[in-house]
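Please look through the structure below with these notes beside you. They are meant to be read point by point.

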Amino acid sequence: KLAEMHGLKRGRLRLAVITTAQYFAPTILGQFAKRYPDIELSLEVSNFDRVLQRLANNDDDLYIIGHVPERLTDIAVYPFAPNPLVVMASRDHPLVGQRNIPIERLEQETFLMREPGSGIREATLKLFQEHGISPTVRMELGSNEAIKQAVIGGLGIAVLSLHTLSAEGAGGPVALLDVEHFPIHRQWHIVHPRQKVLSVVAQTFLDFAIQDEARVRGQVEDLLAAFKAQAS
Ligand code: PGA
């Protein structure tokens, strides 16, 4: 026990997360840092492809990803809070307020799309492909935040994680479109190579994060409910 505490005191935690996890991971890290003030923390935020690369290189202690590819069999997986992908538009977009918009209708819209290597991009294109549609992509942007600002600016509509709206809430400048087959229901996963023996610090953080899951889940559910209430 004493040795564990010692390990914790001097330890270091390296976390690599996909871009959308940047909207909740820092809060968990902040609470963790308050409890264990002497632990050194590093947080790497990048897209799905790059996080998978870091996982393959064993660069970090723990990883948070949006979905677990089937080919990844040699990892330990801890499912985390939901990550719904929603269609965003500016408040004055003509489709705001319409119910059950057919997915084909999106072909008449211009899209702002994440860069190749993004998990959100992949999930969005897969859904479009399943329904045989190919909406026009006006711009590719490498950041969720940049896309959100471009949506607000009226440059187009976009599919992003609902979590990107956690600061502004349902009353902000972004509206959700009620399009068939959305939200795409996704979930976060905390993962590490199965063979990897976690450090005391990493194990402590993992337990800490899992304990905080209900709070993060509650935030997402409340936000979705707030948008739904607005639409009715
Ligand atoms: P991305 O990942 O940042 O690569 O789009 C997000 C996700 O997979 O949900």
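1. In this predicted model, an open sheet is built from 3 strands in the order β8-β5-β9, and the pairing is antiparallel. Strands here are DSSP runs of E with at least two residues, helices are runs of H or I with at least four residues, and both are numbered from the N terminus; two strands pair if DSSP finds at least two bridges between them. The edge strands, each pairing on one side only, are β8 (158-161) and β9 (174-177), and the twist from one strand to the next averages 55 degrees.

2. Because the model is predicted, local features need pLDDT of at least 70 and side-chain atom pairs count only at pLDDT 80 or more, while totals for chains, interfaces and linings use all residues.

3. Strand β5, which covers residues 85-90, pairs with β8 in the antiparallel sense over 4 bridges, and M88 has A158 in β8 as its bridge partner. Helix α4 (residues 119-130) packs on the sheet, where it touches β5 and β8, and its direction makes about 130 degrees with that of β8. Contact means heavy atoms within 4.5 Å, and such angles, which run from 0 to 180 degrees, are taken between the N-to-C directions of lines fitted to C-alpha atoms, for helices over the stretch in contact.

4. The largest nonpolar core has 35 residues, and L13, F24, I28, L62, F80, W188 and F205 touch the most other members. Such a core is a set of buried Ala, Val, Leu, Ile, Met, Phe, Trp, Tyr and Cys residues joined through side-chain atoms within 4.5 Å, where buried means under 20% relative accessible area, exposed over 50% and partly exposed in between, with a 1.4 Å probe and protein chains only. Helix α6 gives the largest share of this core, 6 residues. A second, separate core of 20 residues includes V87, M113, V179 and F182.

5. Some backbone details deserve a careful look. N100, in the loop between β5 and β6 (110-114), has a positive phi of about 50 degrees although it is not a glycine, and N100 is exposed at 54% relative accessible area. H181, in the loop between β9 and β10, likewise is not a glycine and has a positive phi of about 70 degrees. The peptide bond from F182 to P183 is cis, with omega near -5 degrees.

Key:
Residues are numbered from 1 along each chain as its sequence is written. Side-chain values use heavy atoms; hydrogens and water are left out.
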